[in-house]
Amino acid sequence: MREDALAEEVGQGRQANSAWHTGEWQFRHLLEKLPAGAYTCDLEGLITYFNQHAVQLWGRAPKLNDGVDRFCGSFKLFATDGSPIAHDQCWMALALKMDKEYNGHEIVIERPDGQRLTVLAYANPIHDESGQLLGAVNVLVDVSDRKRAEEALAHQARELARSNADLEQFAYVASHDLQEPLRMMASFGKLLEQRYKGQFDADADACIGYIVEGAIRMQGLINDLLTYSRVGRQGQPFASTDCRAVFEAACMNLRGAIEEAGATVTAGPLPVVMADSTQLVRLFQNLIGNAMKFRSDRPIRVDVGAKRQGSEWRFWVQDNGMGIEAPYLERIFLIFQRLHHRSEYPGTGIGLVIAKKIVESHGGRIWVESEPGTGSTFYFTLPA
């Protein structure tokens, strides 16, 4: 008796195992485990099979083979621009009509409860062994959360761009409007210094000197802030720009400083890029001038070069100056940040900030590698 029962159980197991290896069982199991809405339809577009993910997307289970749910009839269809899509023009109908795959079409479906979902729709025709078209396998991937995240990110980017534009406009207006009163303060301070120096006591002379020095320093800050606010606002349209010519123009602007310092400034082959040539001249000028400014006791050498790396050019401006300690490598690109007292090295500390903004406005990035006592290498990239 036991042997008969065992034989029967084994027979059932073989039968179940044989059923598992049939195409239908594997197909149904695959569709049920698929993390997307999947269903099949016949040549008339009637739904013949669906998985539970499809039910969740549709908001109800379709009625099979009764003519009600032909061509995705469980919901209304819309294009991403909001225009309606007729059921006989949906991806499934077109796949059947044209006997071709329709993959990854982004559409919006409206469920019976009024909720709208953004989905990626796929349709693949099914053929028998002779190649005769039988129907189609259709898949819907819900990307509503991703679309909402993309829209939120796009909105945030627009708000950030608007805020940056407002800040740039404020900086421009503020710095421009401050020019005249500061110019007047500096002019009258110098006039006081010229006419009355020595006629008061030493403290009065010192106070007048402080007024003049402060006004002139503030003028420098305002001028640099005005320059910074103009980067990206009043730039020229990008055009084919020979970086060799840009380098030579920057060296010409720095000619007096280069000769005075006895510096050797060289450059290897430089590419042609799409850029604002005026801003690139300022970029090279700021970086080369910075290299000469923070010199060491050695004769100044500055080397400029570039190398193609994939879809971008990597430029470098290398010097043998005093170098920068590791904790300050990021700080130097912050506005009005100084590593030294202005009595040691003049300037407002905005030159590298302007360089950074120019590079980023061209779609690149800038960074520095440095070793104190050896020198620094400023790298920046531009799209090729």
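I started at D99, which sits in the loop between α4 and β5. Helices here are DSSP runs of H or I with at least four residues, strands are runs of E with at least two, and both are numbered from the N terminus. Before going on, I noted that this is a predicted model, where local features need pLDDT of at least 70, side-chain atom pairs count only at pLDDT 80 or more, and totals for chains, interfaces and linings use all residues. Residues are numbered from 1 along each chain as its sequence is written, and side-chain values use heavy atoms, with hydrogens and water left out.

My cut-offs are under 20% relative accessible area for buried, over 50% for exposed and partly exposed in between, with a 1.4 Å probe and protein chains only.

D99 follows α4, so I looked at that helix (residues 91–98) next. Six of the eight residues of α4 are buried: W91, M92, A93, L94, A95 and L96. I then asked what covers them. The cover includes β1 (37–42), β3 (76–78), β5, β6 and β7 (133–142), taking contact as heavy atoms within 4.5 Å.

**The sheet**

I traced an open sheet of seven strands in the order β2-β1-β7-β6-β5-β3-β4, with antiparallel pairing. Edge strands are β2 (47–50) and β4 (84–85); each has a single partner strand, so one side of each has no neighbour in the sheet. Strands pair if DSSP finds at least two bridges between them.

Then I went through two of the pairs. β5 (residues 102–110) and β6 (residues 116–127) are antiparallel and share seven bridges. On β6, Y102 has A123 as its bridge partner, and H105 has A121. The hairpin of β5 and β6 has five residues between the strands, and G114 there has a positive phi near 90°. β3 and β5 also run antiparallel, joined by three bridges; I found F78 bridged to V108 of β5.

**Cores**

For a nonpolar core I took buried Ala, Val, Leu, Ile, Met, Phe, Trp, Tyr and Cys residues joined through side-chain atoms within 4.5 Å. The largest has 46 residues, and F247, L287, F315 and F380 touch the most other members. Helix α9 (residues 277–293) gives this core its largest share, eight residues. Another core lies apart from it, with 26 residues, among them C41, V55, A95 and L117.

I also listed the contacts of F247, leaving aside neighbours within four places in sequence: V265, T266, A267, L270, F284, I288 and V304.

**N320**

N320 is in the loop between β12 (312–319) and α10 (351–361). At a relative accessible area of 17%, N320 is buried. Beyond four places in sequence, I find N320 in contact with S296, R298, P299, I300, R301, T374 and G375. A polar atom of the N320 side chain lies 2.9 Å from the backbone oxygen of P299.

**Cysteines**

How many disulfides did I find? The count is zero, with a disulfide taken as a pair of cysteine sulfur atoms within 2.5 Å. I noted that C41 is buried at 4% relative accessibility, and C243 is buried at 0%.

Note on methods
A polar contact is a pair of N or O atoms within 3.5 Å; within protein, one must be able to donate a hydrogen and the other to accept it, and residues adjacent in sequence count only if both atoms are side-chain atoms.
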